[in-house]
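Trainee: I am new to this structure and would like to go through it with you. Could we take it one part after another?

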Number of protein chains: 2
Amino acid sequence: MSEPAPLPTACEAALSAALRPALFKALCDPVRVSIVARLATRQDPVAVSDLVACCGIDFSGVSRHLKLLRQAGVVSATREGRSVRYSLNSDALCQVLRASADALEQCSEQAG
Amino acid sequence: MSEPAPLPTACEAALSAALRPALFKALCDPVRVSIVARLATRQDPVAVSDLVACCGIDFSGVSRHLKLLRQAGVVSATREGRSVRYSLNSDALCQVLRASADALEQCSEQAG
DNA sequence: GCAATATTTGCGCGATGCTGCAAATGTTGT
DNA sequence: ACAACATTTGCAGCATCGCGCAAATATTGC
């Protein structure tokens, strides 16, 4: 009874939950993608001022993008002296992307 | 010479290319996610009118969302009589999501 | 406390996005 | 050709987003 057979509705709900708009919203802007790409290549956290170069926009804009990415769980911030250094949550991000793919795959397997 | 050693820049570019904003833009709207989730549970293509129920918005809006999803390569459309039936490109979508995760992973492995 | 440096936040502007309504387009059957 | 049904597109309103500039906040060193 704890397993009333997986209904189509169940995996649909699971997929709907896995595909969280907030995450994709974080990755749908070119500037944010370039920030993520930049952070991905650095093991050590990077200061905001070092990210400005790869973005082509003002300090403030970069800071805002980073805030959004942080709120989406994509990056983490730690203060170090005067500067705030950001790092990419690679593992978490990979996991979420793969979980989305898995949920999708499971749905379509079950459907067909 | 064809392999000048993989620079950090190379995987950064690869990741930047893998994380195509257009795809994520397609998935950053709740209505579109529900459409994708709905289509994922159906092996056979679904008509627009059958998708309206799960969206809570007007016909026209659903049609527009489907257009955007189609342009992003997420769904495919085929006309069948009066109606146009949409189906999810599950395999392609899975592949893109996993490719993103792989590119990300490769970058962070190379970095650290 | 003050100046210097690094980042965040407030504000306003222009661009983009989502929506409903109505009109246009495509398709079938009479 | 015409009516009925399904979908798409044009239009306008409203919200949200991304941006630069300037002001505010945080931290360090004198």
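Mentor: We shall discuss the contact between the chains, then an aromatic pair, the strands and some single residues. Please keep in mind that this is a predicted model.

Trainee: Understood. How many residues does the contact take from chain A and from chain B?

Mentor: Chain A gives 37 residues to the contact, and chain B gives 37 residues. Between them the two chains bury about 3100 Å², and 71% of that area is on carbon and sulfur atoms.

Trainee: Which residues in chain A lose the most area to chain B?

Mentor: They are Glu12(A), Arg98(A) and Leu104(A). Together they make up 18% of what that side buries.

Trainee: And how many salt bridges are found across the interface?

Mentor: The rule finds 6 salt bridges across the interface of chain A and chain B. One of the residues to look at is Arg98(B), which forms a salt bridge with Glu105(A). The closest N and O atoms of that salt bridge are 3.1 Å apart.

Trainee: Let me change topic. How many aromatic pairs does the structure hold over all chains?

Mentor: There is 1 aromatic pair over all chains. Phe24(A) and Phe24(B) form it, and the pair is stacked. The distance is 5.7 Å centre to centre, with 20° between the planes.

Trainee: Why does that angle count as stacked?

Mentor: The pair is called stacked because the angle of 20° falls under the cut-off of 30 degrees between planes.

Trainee: Is Phe24(A) buried or exposed? And what about Phe24(B), buried or exposed?

Mentor: Phe24(A) is buried, at a relative accessible area of 0%. Phe24(B) is buried too, and its relative accessible area is 0%.

Trainee: On to the strands. In what order do they form the sheet in chain A?

Mentor: The order is β1-β3-β2, in an open sheet of 3 strands with antiparallel pairing. Because β1 (46-47) and β2 (75-80) of chain A each have a single partner strand, they stand at the edges, and one side of each has no neighbour in the sheet.

Trainee: How many bridges join β1(A) to β3 of chain A?

Mentor: There are 2 bridges between β1(A) and strand β3 (residues 83-88) of chain A. Val46(A) has Tyr86(A) as its bridge partner in β3(A), while Ala47(A) has Arg85(A).

Trainee: What about β2(A) and β3(A), how many bridges join them?

Mentor: They are joined by 6 bridges and run antiparallel. Val75(A) stands opposite Leu88(A) in β3(A). The two strands form a hairpin with 2 residues between them, and Gly81(A) in the turn has a positive phi of about 70°.

Trainee: Which helix lies across β1, β2 and β3 of chain A?

Mentor: That is helix α3 (residues 30-40) of chain A. The helix runs at about 85° to β3(A).

Trainee: Now chain B. How do its strands pair?

Mentor: Strand β1 (residues 46-47) of chain B is joined to strand β3 (residues 83-88) of chain B by 2 bridges, and these strands run antiparallel. Strand β2 (residues 75-80) of chain B pairs with β3(B) in the antiparallel sense over 6 bridges. Tyr86(B) in β3(B) stands opposite Val46(B), and Tyr86(B) also stands opposite Ala77(B). In the hairpin of β2(B) and β3(B), Gly81(B) takes a positive phi near 70°.

Trainee: Last one: where does Gly56(B) lie?

Mentor: Gly56(B) lies in the loop between α4 (48-51) and α5 (59-71) of chain B, and counts as exposed at 69% relative accessibility. Gly56(B) and Val31(B) are 25 residues apart in sequence and 8.3 Å apart in space, C-alpha to C-alpha.

Key
Residues are numbered from 1 along each chain as its sequence is written. Chains are lettered from A and ligands numbered from 1 in the order in which they are written. This is a predicted model: local features need pLDDT of at least 70, side-chain atom pairs count only at pLDDT 80 or more; totals for chains, interfaces and linings use all residues. Side-chain values use heavy atoms; hydrogens and water are left out. Rings of Phe, Tyr and Trp (its six-membered ring) pair if their centres lie within 6.5 Å; planes under 30 degrees apart count as stacked, over 60 as edge-to-face and the rest as tilted. Buried means under 20% relative accessible area, exposed over 50%, partly exposed in between (1.4 Å probe, protein chains only). Two strands pair if DSSP finds at least two bridges between them. Helices (H or I, at least four residues) and strands (E, at least two) are DSSP runs, numbered from the N terminus. Contact means heavy atoms within 4.5 Å. Axes are lines fitted to C-alpha atoms, for helices over the stretch in contact, and angles run from 0 to 180 degrees between N-to-C directions. Buried area is the accessible area (1.4 Å probe) that two parts lose on being put together, summed over both. A salt bridge is a side-chain nitrogen of Lys or Arg within 4 Å of a carboxyl oxygen of Asp or Glu.
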